[in-house]
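Please examine the model shown below. The paragraphs that follow treat helix packing, charged pairs and a surface patch in turn.

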Amino acid sequence: VNDELDPLDETLARGLGALAPAEFELDADRTLGALRPALRRARLQRRVATATTALGLLAVVVAGAAVIERHPGSKVDVQARDRPTRPTTIGPLRSTTTRVSTSTSTSVPRTITPTTVPDHRTTTTLPRQDNQGPGARPVTTTPAPTPTTTPAGQRGSTTTTTTPPGTTTYVAIGGRVTIRFAAGRLTLVSRIAAPGYAIDLRTNTASEIEVRFSNGRNESRIRVRVKDGALEPEISQT
Amino acid sequence: MGDMLDAAGRDPDRPADFDDTFRRWWAPMVRSLTVASGDSEVAADCVQDAFMRAYARWRRVSRLDDPPGWIRHVAVNRLRDHFRKTTRGRSAFERLDARAITTSPEPAPPSDLAALLAQLPPQQRIAAALFYVEDLDVHQVANAMQLSDGAVKYHLHAARQTLRGALEAQS
């Protein structure tokens with residue numbers, strides 16, 4: 001169209017131009033002066049809207065971070081091989097219960113101590129700790145390696161199922177409990193809650209101790225019982 | 001490079017000044033949109049609204065290649081909104097079989113060209129007004145209307161054909 005401008009276009013330009021208000025009728029300076037307050041208002045409104053949007057986004061990000069902080073289910077505490085204690089952290093929403101086998105509930109030095117009974121070739125072997133479950137390992141133990149000796153006169157080798165006396169600490173996410181086991185009786189030595197958790201001592205008898213740690217959302221439970229002369233700890237997380 | 005000025009008379013390396021832009025482009029935009037809408041008040045409202053939007057985000061708009069083009073585009077969109085509203089209102093009246101009660105005095109009878117212009121579709125009216133009144137080239141009209149150059153040429157051609165008949169009948 002630009003290339004085809006002809007007299008008709010000039011006539012149209014003149015005719016349409018005559019329909020528009022004259023330039024001098026439109027006072028830009030006066031209009032601009034009258035428009036100033038509205039312009040400032042428009043800019044202020046836009047800034048407020050932008051700031052509000054930014055604050056909203058920030059709030060969403062902070063809320064998201066807080067939610068992630070409260071549910072560290074995706075975190076897995078990977079332990080070094082030689083580290084002796086902490087259980088693997090399991091997602092708090094999953095309920096897990098780990099039973100520790102009787103024969104391994106107490107740390108016993110790995111050294112196998114053969115005991116020779118005079119005049120007999122009977123050897124008693126203590127169980128190793130190698131097959132312990134990952135979730136409920138006792139933490140510390142006062143060494144009380146009392147190898148059980150086969151009574152005199154008995155031949156052959158046997159494996160004990162009793163727990164030697166000693167002090168054991170059980171650790172859960174919500175806290176830790178230290179229990180002494182001696183003469184077939186349980187004694188609660190200490191109970192310590194993790195930050196944010198409250199302690200609830202449910203049972204404290206010679207044959208069973210149960211402590212719960214709760215922070216309102218998650219609950220850790222440590223229960224230790226004496227069964228057939230051996231400790232039966234149970235640590236769960238809900 | 002302060003002496004290198006563009007067609008609008010400004011240094012292309014320097015962000016545009018709002019007041020200068022307003023003084024330079026306010027009247028031409030109002031004139032062309034008055035022809036497109038047939039109502040100077042509506043045209044002034046559309047252009048004013050476009051300048052207010054530009055002022056609110058001037059830091060960004062001033063750095064565009066063509067700030068007046070951005071403002072014109074917003075004003076044309078506002079005018080299209082106005083056309084849409086008017087059409088909807090008219091349709092509603094027709095559906096209700098109602099008559100609008102006019103309390104304002106009757107406007108002066110339009111010229112033949114104005115009457116013919118009013119019968120053109122909005123796209124042709126806007127294209128013709130921007131091209132003939134504001135003296136923009138096809139590409140600038142296309143930018144303002146968010147159309148391709150070819151579509152603008154088509155609308156201009158159609159408008160010319162219609163208006164040519166009126167002008168030839170007059171002469």
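**Helix packing, salt bridges and a surface patch**

In chain B, helix 1 (residues 18-37) packs against helix 6 (residues 122-133) at an angle of about 145°, and their axes lie 8 Å apart. Axes here are lines fitted to C-alpha atoms, for helices over the stretch in contact, and angles run from 0 to 180 degrees between N-to-C directions. Helices (H or I, at least four residues) and strands (E, at least two) are DSSP runs, numbered from the N terminus. Helix 1 of chain B passes helix 6 of chain B in a right-handed crossing; a crossing is right-handed if the near helix is turned clockwise from the far one by less than a right angle, and left-handed if anticlockwise. Residues of helix 1 of chain B, including B:Leu33, B:Val35 and B:Ala36, meet residues of helix 6 of chain B, among them B:Ile126, B:Ala129 and B:Leu130, where contact means heavy atoms within 4.5 Å.

This is a predicted model, in which local features need pLDDT of at least 70 and side-chain atom pairs count only at pLDDT 80 or more, whereas totals for chains, interfaces and linings use all residues. Residues are numbered from 1 along each chain as its sequence is written, chains are lettered from A and ligands numbered from 1 in the order in which they are written, and side-chain values use heavy atoms, with hydrogens and water left out.

Side chains of opposite charge can pair when their charged atoms come close. Because A:Glu210 lies in strand 6 (residues 208-214) of chain A and A:Arg221 in strand 7 (residues 219-227) of chain A, the pair ties together parts that are 11 residues apart in sequence. Both A:Glu210 and A:Arg221 are buried, that is, under 20% relative accessible area, with exposed meaning over 50% and partly exposed in between (1.4 Å probe, protein chains only).

A:Arg225 also forms a salt bridge, with A:Glu232, at 3.2 Å between the closest N and O atoms. A:Arg225 is partly exposed at 25% relative accessibility, while A:Glu232 is buried at 16%. Salt bridges that share partners join A:Glu208, A:Glu210, A:Arg212, A:Glu219, A:Arg221, A:Arg223 and A:Glu234 into one network.

Methods:
Salt bridge = Lys/Arg side-chain N within 4 Å of Asp/Glu carboxyl O.
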